[in-house]
Amino acid sequence: MRRIPKAFAVPVTGLVLVLAGCTSQTAAGSSPAASSSGGEKQQLTLAQTVDFYGWDPSNQPGFQGWAAEAVWDQLCKTDANGKAQPDLADKFEVTNGNKTFKAHIREGQKFSDGTPVDSAAVKADFDYASKNGGGQADYKGIKIETPDANNISITWPEAQGPVIDNKACNPKIMPASYLAAKKFDKPVGSGPYVLDTAASTTGSVYTFTKNENHWNAKNYPYKKLVIKVITSDTAAVSALKTGQIDAVLVAQPSVAQVEASPNTKVVKFQGQTTRLLLTDHLGKSIPAIGNLKVRQAINMVFDKAAMAKSLYQGNAEPTGQVFRKGTDAYIDGLQDPYPFDVAKAKSLMAEAGYSNGFTLNLPTMTGQNFETLMPYVTQQLAQLNIKVKQVPLTGANAIGDLLSGKYPVVLWQLGNLGNSALQIYIESTPAGWWDLMHQPDQYVDSRWKQITTADPQTAAKLQKEINQYQVDQAWFAPMVYMGTNYAYNSSKVSIPTESDQEALTPKLRDFK
Amino acid sequence: MAFSLAKRLVRSLAVFIVVTFAVFSLMYGNGTGIAHAVLGLNATPEGIQAEVVKLGLDQPLLVQYWQWLSGVAHGDLGNSFYTSESVSSALSNRVPVTLALVFLTLLLTAVLSVILGVTAAVRGGWMDRVLQFISVLGTAVPAFIIAIALVFAFAIHWRVFPATGYVSPNVSPSGWLASISLPVLALLIGAVAGAAAQFRTAVLDQLGRDYVRTLRARGIPEREIIFRNVLRNAAPPGLTALSLTVFGLLGGAVFIEQVFALPGMGQMANMAAQISDVPLVMGTVLVVVVIVLVVNFAGDLAITFLNPKARTR
């Protein structure tokens, strides 16, 4: 037998040594085991599936927004129902016919650069929000009064109703000087954590150390917070299984394997309603959609129970309403007026004069489960001779095109919010960005106007009326409640509360 | 020699301009969409328009490209539309990760493919048939499939290597090796499969030449014939295959960085392209074009050094 030539022996030996040297490194970078010291734990390692866009406070995502929640306080925080809870403001009230939010700022709070948190800083943040970022329209025309360093009142030109809490609680609070200079290379705030820039790499990993002087420090038991950006579901599941991360959103197909792993659990949120938005009520762009019978027919061709079972593997619930159970707009005991009945749907189309159907452009995007949903929706609409043409939307234009009104009918897994009034504003009023055609409707618009000035009980009643009207008018074709799957290492982390009014992921304050 | 070098430089510059302008043009004209994506769902038309102007996206194509090119000449690659992070800073964090992955894989590919290719060509028989089989398999199975299998076996099942993440060598050399091992292995299998086959073919071709018969007839030991003569003459096609491997590795790194959550250039380019973050995309294109040109140049130099006939061209 020939010996291996000496010239080859060296590199081969070197290769073996290199690889052998790695075997001592198992699960490198794994999340340290939690150790309790007076209730404190060492490190919480979260993964997020998309990166966020830098440290401009006016441009922070609500979805997976743990980094922003770590470094910044807000005047108040909204709970799962969209109601304001104390944050920097320990006391607040809505006055002046739902136009004014008055707040008292806690004494003695400081930003991470040592400067005091006062009403001047809060005012600067609201002014900044009114001129920057995607939420500018929410603060148009506001007037802010700061009678002293710890009191502030923000007044909108018109009554805001139940959405005033959301608007008051949204801006992130940071020192005015950084806003003026637009200096956002690193965040300065008064939040429960401080960014450790030396241990952070944009787009990859963000490390935070606990702010022990935070007014609510005991509610954040982890001394260190690490957020990793892992865009691949495969990588995220691997990282969770090997202990490199403590929690992450996982795609529906990964749920079974995660649940089968030891010490991992999945919280199933139902913060979304899969539906067709039939926004051209006046038939301006698609005359057929302007016909009530056509919209009703479309509602009746989807077997919602079968969808929940087959398309969502049982992790969905059929529904005839777009609003979340338990919210003000939700109608208990409402029987779905559009049961699955293809024959009836066909007769409705014939009565409307559309037995030959029409062509419908439906936009599609990645990340919305269209690969699963669209074939079924296409097949069922074809039963009414509605020919679906899929229009893929990609790149930076995708959102703009989707919301432009170019596609009056959209299939979407749209959020159902804990604050149903906010959902009505976004989806059903002409100003709302999901009311794609922005068409006025006397019934809805008049009730919305009343909601903005009504007391909570009256506002809830009016919301139910709007919901009933939308069901009767088939503004949507709701199919199922479904949502996101949040997997976590149950031996290290617990998630006893759910504070997200969008019900998509836990908020940072929910991790214990 | 100097003239030849100057010619190469001018050609390289022309390639750089053509490629970067082509990519820039493909991304041009999307100002409103980009501004809307930056600001989010509920942005107003006025806000979007202001953002378009702020980002300079209302300028004509040639003006925007010239501004970018001038910036490059001054070492300023601009800032991300979305995060405002300097492109140079973003690249400085990420390029070393991708380069480590690619060039470590390349080094191992070179060593292994020479060993396997020469062994298969010289010994023939079952070894040769095994190599050919492995070549087909390694080329047919995509690197990311191999990566997923490696993660399952070595990270999840046996817990030998980490499943994801990257440790800088500055922080821990052994941690770095551990974090890079599976990604390198995932790329290595396909790369060796292709390059080893090239070396095998080149060596076989040389072994059939008259000069080898002459050297054998003169009683020169086989080992000396192979290492002093055959390998030297078989090197050019092998080196060409290796330089092409670099380009394949750069492309493969995009998928591997996703599977292993490596904070490399490929991952950044993928995300930037999806959201039309033009400065980041252009920064990545710049780096890739430079790598391609440098690798081409180095490959030509090596071939010239090894093969005197090439020096006269």
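This note goes through a predicted model with chains A and B, point by point.

1. How to read the model. Residues are numbered from 1 along each chain as its sequence is written, and chains are lettered from A, with ligands numbered from 1, in the order in which they are written. Because this is a predicted model, local features need pLDDT of at least 70 and side-chain atom pairs count only at pLDDT 80 or more, while totals for chains, interfaces and linings use all residues.

2. Confidence in chain A. The average pLDDT (the predictor's confidence in each residue, from 0 to 100) of chain A is 91, and 92% of the residues score at least 70. Over residues 1-29 of chain A, however, pLDDT stays under 50, and the model has 37 contacts beyond four places in sequence for this stretch, a contact being two residues whose C-beta atoms, placed from the backbone, lie within 7 Å. Residues 33-37 of chain A also stay under 50, with six such contacts beyond four places in sequence. Where pLDDT is low, the predicted coordinates should not be read in detail.

3. Strand 19 of chain A. Helices (H or I, at least four residues) and strands (E, at least two) are DSSP runs, numbered from the N terminus. A residue is buried if 20 or more other C-beta atoms lie within 10 Å of its own, exposed if 12 or fewer, and partly exposed in between, with C-beta atoms placed from the backbone. Strand 19 (residues 485-489) of chain A is largely enclosed by the rest of the structure, because five of its five residues are buried.

4. The partners of strand 19. Two strands pair if DSSP finds at least two bridges between them. Strand 11 (residues 247-250) of chain A pairs with strand 19 of chain A in the antiparallel sense over four bridges, and here A:Ala247 stands opposite A:Tyr488. Strand 12 (residues 264-268) of chain A also pairs with strand 19 of chain A in the antiparallel sense, over five bridges, and A:Lys268 has A:Asn485 as its bridge partner.

5. Strand 7 of chain A. In a regular strand the side chains alternate between the two faces of the sheet. Strand 5 (residues 100-105) of chain A runs antiparallel to strand 7 of chain A and is joined to it by five bridges, with A:Ala103 and A:Ile152 as bridge partners. Strand 6 (residues 143-148) of chain A is likewise antiparallel to strand 7 of chain A, over four bridges, and the two strands form a hairpin with two residues between them. In this pairing, A:Lys143 stands opposite A:Thr155.

6. Helix 8 of chain A. Which elements do the buried residues of helix 8 of chain A pack against? This helix (residues 292-299) is mostly covered, with six of its eight residues buried, among them A:Val294, A:Ala297 and A:Ile298. These buried residues pack against strand 13 (272-278), helix 10 (342-352) and strand 18 (476-482) of chain A.

7. The make-up of chain B. Chain B has 13 helices and zero strands, and its C-alpha trace spans about 85 × 60 × 35 Å along its principal axes. Of its 313 residues, 41% count as buried. Among the contacts in chain B with a separation of 6 or more, 72% come from residues 24 or more positions apart.

8. A helix pair and one residue in chain B. The axes of helix 5 (residues 87-123) of chain B and helix 8 (residues 173-207) of chain B come within 6 Å and cross at roughly 35°; axes are lines fitted to C-alpha atoms, for helices over the stretch in contact, and angles run from 0 to 180 degrees between N-to-C directions. Elsewhere, B:Phe144 lies in helix 7 of chain B and is partly exposed, with 19 other C-beta atoms within 10 Å. Leaving aside neighbours within four places in sequence, B:Phe144 is in contact with B:Phe255, B:Ile256 and B:Val259.

9. Where the chains meet. In the model, 53 residues of chain B are in contact with 48 residues of chain A. On the side of chain B that touches chain A, helix 2 of chain B gives the largest share, seven residues.
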